[in-house]
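Colleague: I would like a close look at a single part of this model. Please take me through it step by step.

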Amino acid sequence: MSTSQQISSTRPTSVPPQSTNHAMPESPNPQPNPVKMRAKNVNFFYGSFQALHDISLDFATNKVTAMIGPSGCGKSTFLRNLNRINETLHDTRLEGEITLDDENILDQDVTAVRRRIGMVFQRPNPFPKSIFDNIIYGPKINGMLKGRNAAEIVERSLRRAALWDEAKDKLHESAYALSGGQQQRLCIARALAVDPEVLLLDEPCSALDPIATAKIEDLLIALKETCTIVIVTHNMQQAARVADTTGFFLLGRLIEHDRTEVIFKNPSRKETEDYITGRFG
Amino acid sequence: MRPTMTPRNRWRNSVNNVMLTLTGVCAAVSVSSLFLILGYLLFNGGKSVDLNFFTKLPLSPGQVGGGMANAIVGSTTIVLLASLIGLPVGFLSGVYLAEFSPKSFGFLIRYTADLLNGVPSIVIGIFAWSLIVHNMHHFSAIAGGFALSLMLIPITARGTEQFLLEVPRTMREGALALGAPMWVTIATVIVPAARKGIMTSMILGVARISGETAPLLFTALGNEYWATSLNEPTASLPVMIFTHATAPYEDWHRQAWAAGLVLLGLVFVANILARTIVSRGASLPK
């Protein structure tokens, strides 16, 4: 498939005129979108194996940033460092700096960081609780229920995740009564219930059929009004459809990060072009 | 005969038939022995269980009648004591093993728990005797409960660990990603997700120690009358079965059968109750 065909499916989204190429993060030009999160010289190790090499990447506020690349290229590993969930694995080490609103999250209380940076996983992972209890879980453990109506939070979160109409009549049934695509939207609603500023998605559609995938993509585009979104995807068309900027990862390195259009139509690096045009990966 | 029936085929078929029969017979033997025990117990015990059994104290040899009310209460007390110590300690050890223990230390604990699980119950009895009975100078329900709790701890710990580890990692990460600290994640997501399995292993553990006799011979000893405190010799059903069944009196044999049936019934009822409570609420997807 040619790259122009892939691009033709891109929805008209406002793309920042300024490139956020990692090669010049300190660009003197005023950016219309300030940087919400920034990774600076990130190295990451599983034991003695170095999975990420010196990655610097900016995530623009209220934009969708996609990270693409072949399996094992480190894109998921990188994503999982942005909310420090990789710390829960044994024998891992992170070097460098990751900032949220210009403050290093590695110096902050990890639970507070994760409250502000939500995450949606590859496979839907609802808790073995009711739909209602799944959504209210985050607000409850974060002490956000005082003086607020739990039912309102649940409705608002489900509406934001475009699941309200399907779920409103079975709020107190098990979350496993939902289909796979609905479960994934439930997980998005669960993440939204704590009002995260950033939403990380790790191949959120890889276990879903095309219709469920389309729903989630529409949802992401709507959500960036209120959230900064980072999505890892195997599916290049998906990156083309939803992302404002796209980063290409290869062998633990960030090869290139630019406006999605540029990455797909006119990449500056040969590796990117090879991958985009399907020469490998 | 079919044309493909070569001698080799015939040999294979006959081996197949022999093995099929052999495995079937073995399965039948193992199941039928269970039913034989149950049937024999029901037959002999059923004849002997009456209201007196639940309300009266044992009578001295030669007199006909009486019951084992004190042993029913005593057994319940001792098993409750053992559960009070053994279930929390075992459960929390299991949580530590599954969620926190470093590899080498975890291996040590796991290995020790398995060893403890394999220690003959009479050795546990002697240990509890020398630690508690010997130092307190008398037999007691406390000593009995302690001995049984030693048996319950490894069963509960390994069961808890096993079922916690079966909870998918993604579920932990889901809770952690919402800002839950580790202990909140364990208490509100992981343990509830593994609840059924954990409860089942606890029930099996309690059922197992309810029938233990050897540890109680050295610790709770037995009592012909009501125990008035936890600190004195206490009657229990397994020990009652032992003393009554080995005594040369016809009516005591009858009582022993009744005690066996009642013990089985108590374990059975506790089992069903616990399972009913556990089965409420959502469970993990298969």
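How many bridges join strand 1 of chain A to strand 4 of chain A, and do these strands run parallel or antiparallel?

Modeller: Keep in mind that this is a predicted model. Eight bridges join the two strands. Strand 1 covers residues 35-46 of chain A, strand 4 covers residues 92-100, and they run antiparallel. Strands of a sheet pair through backbone hydrogen bonds, either parallel or antiparallel. For one facing pair, look at A:A39, which stands opposite A:I98 in strand 4 of chain A.

Now step back to the sheet. Four strands of chain A form it, in the order 2-1-4-5. The sheet is open, and its pairing is antiparallel. Strand 2 (49-60) and strand 5 (103-104) of chain A stand at the edges. Each has a single partner strand, so one side of each is left without a neighbour in the sheet.

Next, pick out one residue of strand 1 of chain A: A:Y46. A:Y46 has 15 other C-beta atoms within 10 Å, so A:Y46 counts as partly exposed; a buried residue would need 20 or more, an exposed one 12 or fewer.

What does A:Y46 touch, leaving aside its neighbours within four places in sequence? A:Y46 is in contact with A:A51, A:D91 and A:T92. A:Y46 and A:H90 are 44 residues apart in sequence. In space, their C-alpha atoms are 8.3 Å apart.

Methods. Residues numbered from 1 in each chain as written. Chains lettered and ligands numbered in written order. Predicted model: local features only at pLDDT ≥ 70, side-chain atom pairs only at ≥ 80, totals over all residues. Pairing = 2+ DSSP bridges. Contact = placed C-beta atoms within 7 Å.
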